[in-house]
Structures are given as structure tokens and as C-alpha cells.
Amino acid sequence: MICRLYLRIFLQALLITFVACNAPPVPLDDIVIEKTSVPETCVRAVQSGDFVRYHYHGTFPDGKKFDSSYDKGSTYNVYVGKRQLIEGMDKALVGMCVNERRLVKIPPKMAYGKDGYGDTIPPNSILHFDVLLLDIWNPEDKVQIKTYYKPENCGRTIEVSDFVRYHYNGTLLDGTLFDSSHNRLRTYDTYVGIGWLIAGMDQGLLGMCVGEKRIITMPPSLGYGENGDGSDIPGQASLVFDVVLLDLHNPKDSITVEKLGVPETCQRQSKVGDFIRYHYNGTLMDGTFFDSSYSRKRTYDTYIGKGYVIAGMDEGLLGVCVGEKRRITIPPHLAYGEEGTGTKIPGSAVLIFDIDVIDFHNPSDTVEITTFFKPSKCDILSKKGDFVKYHYNATLMDGTLIDSTHSYGKTYNVVLGSGQVVLGMDMGLKDMCIGEKRTVVIPPHLGYGERGVEGEVPGSAVLVFDIEMIDLEEGLPDGYMFIWNSDVTPDLFTEMDKNLDGHVDPVEFSNYINHQVVTGKGKLAPGFDAGKIIDNMFSNQDRNSDGKITADEFKLKDEETKEHDEL
């Protein structure tokens, strides 16, 4: 009996357990939340009083759909905690992050209760909502700025009324891209703080440095408000802009000059009307390269202060020394303006030029002579017609070596004033005595001019010669190629006509003149080919050009005005 009693109790307990496991669901007392997707980072969670935008699917426990924001093609936008939602949803949204997804189960008493909602929600219905949160903001929100890169040097930041060029990616708070300047392959160019931008961007750009990168987040009240902006930006949407500043200037700006290197001595500074040769690298403010004279392997050569270059460069090149290095920053209204130059220099771009001044001169310049050694005895000074021998080192103004007689191991020998050297050197060698040392600076119009010497002297280059006079032989009076040092014999023709055949041939004439030179009775102009001088003298006496000189030809010549190289 006892065993049967225990068996009956056991079977009864088992039956009760089975019935309990398969009983109808008990109505919920509170909402149930399942977090089906949670973002890795959650900068901000919903609080009571926040405004949210979210998508949802609404279903009954059996899966039957009763509503969906997706079907309406727009998010559900509402304040949380202000009884604009059913109680269960007001509670379920608190603590959610943007891009978080929740499955929310709401009991009837926290939904539409015993009355339901028209034909859509029956009385006492449990509601399931699959919610995806897209946006959060609060009426008290201001612009939020997060700088994630700032250059080490930041000499200037954006102020009200500045003009800026920047790139940006614009997204909604959930990361949906609505616009990008990168996709258009051009910067966004605008004034800041004067109402040309939405209020949040006007505020968010202030204080930025060129090269700085920021995340600017703004509520809709500082963006596009209740109506949004077309199909890309919905109404009541928070906006996020990822901005990099490329350029910054003010219409009142003038150029700025930073001296990167100044030579120890500066005898002269450039002025309006000078012709200058310089090298440069040209970049935009963000460091983008657009041009370089170095890449062309030649200087940029121009007049300054005369409008041959952009206004900012015209100004920035004034007052420089040879060898000086400068950084010239030029605002667009003093450069290429709103149009730019096409692909290399965008419109409204600030330009930065790093320049290295090679030389400059003025068309009115003459030769500059500086004597740095003069012997104590300096009686005989070089003059036009003298035959001089000298050593030199030739350089450009920046010290670049062009040529040196020392490398050849011999002097350079010329007749002054005969056109054997450039005019500036002719001028620089005058009034020197043997042993004297000079530095002669020759402007290009007295040197090798605009063309220069290919492979040796650049066009329009100022030349610097360090000269040492080694020897000089006095020349003949101006214009003479031969002179007598003693009285001329009255019977000159007879002395020349050695074979007494009544005429003087070229050999007799040459032998006679050379003998006069050797014996010191006559002198040929030094530094010239003696044979050519004598041949020219013979030709001048040979009136009929028959290859011989007669006594009558001598007589006729004697009756004419005497020429400088004649007898």
C-alpha cells in the first residue's frame, strides 16, 4: 500500500510539471530588451529629454507585422521621456547608442492596454519592436569639436571674415555619407563667420590651423534644421563633418616674408627696376608642390617692381641681398586670384615661394672695381692699347666657379680696348699696375648679355672676376699699329729695295719692317699678329694692288694724310 501511494504521488507531480511547461505565456510586467547589435564605441547614449531618430519594425509575438518606419521611407523622430511615445518605448530607448539595435518586448499596460489602437493593435496586445537608433541630440547641444591632428607649427588660425579652402566628408551621425568635397575633386572655398555657411560649420572652423584635421559635430538647429536638405540630409538630423584645412587668408592680407638665410655681408639690396635671377620652389599652404625653377635647371630671370611677375612676388623680391633665402607667402589677391592657373594652382590659393637669390643688377649699373692689393711702386698704369697679361678666377655672384686661368697654368693675354674681352673686363683692367689685385663685378649688359655662353655662363648673369696683373707692355698711341722710334730716313724706298729692281716686293717690305723692330727703330702694336700687321701695311702702300710697291706709290702715299699703320 505504501509503495502504491508513493507511485501515485510521483506520477501526479510529473503531470503537474508537464502541464506547467506547456502553459500559455504569462503577460509581461515590464519591457524585455535584447541587444541584438551593439557598436564598438558609444560616444553618447540616449537620455530622457533627448531627441532621437530611429527605424523600427513592429510585430506581434507571432511575428505578424503591424507597423514599420521602413515602409514609410523615413525615420521616426521624437523626444524621449516627454510622453510622445508609449511608455514602453520611452523606457526602451534610454541608454541606446547610435547604430545600436534592440529587440524590445512591451507588455500591454506599457503599450496600448485593454483598449488597443483602432484596427491596428488589438486590446491587451504584447508588442515587439526591432529598433535601430540612427541619431541623438538635445536642444541644449552646441557644436562639438574633436581635433585629431594638429601640425607642430601653427602661426595663424581661422578668424571671422577669413577665406578658407578645405576638404570634408559629411556624414549623418550613423555614418551615412551625404556629401564629400573629395568626390568632387575640389576644395570647398568660402568665407567664415559671415553667414555663407551653416551656423555649425561657421563655428566649427574657427581656430583651425592649416593642415589641422577636425571632426565637427552639430545638432540640426545649427545644421539644416527641421526640413533637412533635399533627399541627402533628412530633417532633424545631426551632422558630422570630417574637415582638413588646406588654405587660409584674409582679403586684407599683404604678403609675409620670412628670412631663411641672410649673407654676412650685403653691399646692396634689390630695388624697383632691378633685373634679378633667383631659384624657387613653389607650394600651396598644405605643402602641395606646384612649380620649381630647380626642376627646369635654370633660374627665373625677371625685372622686379614693373609688373613682370605677380604683384606679391614683385613686392617680395624687393630689398633682398645676393645669396639671401626667403619664404614669401602671397595671398590670392596678390597672386592668381579666384581663377588660379588651371590644374596646378587652384582658385583663391595662397602661394608659398622659397627663393634663393643668385644675383641682380640694374640696367644703369656699370663695372664695380675693388682693389684689394696694390704694390708700393705703381707708376705705369694700363691703358687702351696696352698688351696685358693677367690671372683671374671667374665666378657668378653666388660663388659658382665659371673659369680660372690658374687651372690652365698660364695667363690670359689681351690688348686693352681691342674687343678681345667683354667690355666690362676691358673697363676693369684699365689703370692697373703690375702686381695689382682687383675684384671686378660686371653686369650682364657689359658681360655676356641675355644669352650668356652656353654651358658656361647663364644668360643675364652678373660676373665676378678676381684679377691679378702679371705683366703689361705699353701699346701704341690710339689707332696706330706701327710707329717709328727714331727719325725716318729720307730715302726709305731705296733702303727697302735691296735688289735695286725699282720696286719693293712683300718679302723685302716684311724683312725691312722686322729689322726696324729688332733694332728698336720701329715698333709694332703688341699683342697682335705681326705678320698680319705688316701685310696690312704693305697692302696700304700697294696702291694698284699688283703685289709690289713702286717709288711713285710711295710718293703718292706721302702726299696723302698719313694713316696710322703706314710709313
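Tutor: pLDDT is the predictor's confidence in each residue, from 0 to 100. Here the chain averages 91, and 93% of the residues score at least 70. This is a predicted model, so local features need pLDDT of at least 70 and side-chain atom pairs count only at pLDDT 80 or more, while totals for chains, interfaces and linings use all residues. Residues are numbered from 1 along each chain as its sequence is written, and side-chain values use heavy atoms, with hydrogens and water left out.

Student: OK, cysteines. How many disulfides are there?
Tutor: Four, taking a disulfide as a pair of cysteine sulfur atoms within 2.5 Å. Counting bonded cysteines along the chain, the pattern is 1-2, 3-4, 5-6, 7-8.

Student: What is cysteine 42 joined to?
Tutor: Cysteine 97, with an S to S distance of 1.8 Å. The torsion about that S-S bond is about -95 degrees, so the disulfide is left-handed.

Student: Why does that pair tie together parts that are apart in sequence?
Tutor: Cysteine 42 is in the loop between strand E1 (32-37) and strand E2 (51-59), and cysteine 97 is in the loop between helix H3 (87-93) and strand E5 (101-106), so the link bridges parts 55 residues apart in sequence. Helices (H or I, at least four residues) and strands (E, at least two) are DSSP runs, numbered from the N terminus.

Student: And is cysteine 97 buried or exposed?
Tutor: Buried, because its relative accessibility is 7%. Cysteine 42 counts as partly exposed at 38%. The cut-offs are under 20% relative accessible area for buried, over 50% for exposed, and partly exposed in between (1.4 Å probe, protein chains only).

Student: Which cysteine pairs with cysteine 154?
Tutor: Cysteine 209, and their sulfur atoms are 1.6 Å apart. This disulfide is left-handed because the torsion about its S-S bond is about -90 degrees. Cysteine 154 sits in the loop between strand E7 (144-149) and strand E8 (163-172), and cysteine 209 in the loop between H5 and E11, 55 residues apart. Cysteine 154 is partly exposed at 32%, whereas cysteine 209 is buried at 1%.

Student: What about cysteine 378?
Tutor: A disulfide joins cysteine 378 to cysteine 433, S to S 2.0 Å. With -110 degrees about the S-S bond, that link is left-handed. Cysteine 378 is in the loop between strand E19 (368-373) and strand E20 (387-396), and cysteine 433 in the loop between helix H8 (423-428) and strand E23 (437-442), so parts 55 residues apart in sequence are tied together. Both cysteine 378 and cysteine 433 are buried.

Student: Switching to the surface: which residues form a nonpolar patch?
Tutor: Val160, Ile194, Trp196 and Leu206, with about 380 Å² of accessible area together. Areas come from the Shrake-Rupley method with a 1.4 Å probe, and for residues only the protein chains shown count as cover.

Student: Where does leucine 206 lie?
Tutor: In the loop between helix H5 (199-204) and strand E11 (213-218). Leucine 206 is partly exposed, with a relative accessible area of 31%.

Student: Last one: is serine 364 buried or exposed?
Tutor: Exposed, at 62% relative accessibility. Serine 364 is in the loop between strand E18 (351-361) and E19.

Terms used:
Patch = residues over 30% accessible without salt bridge, like charges linked within 9 Å, V, L, I, M, F, W, Y side chains within 5 Å. Salt bridge = Lys/Arg side-chain N within 4 Å of Asp/Glu carboxyl O.
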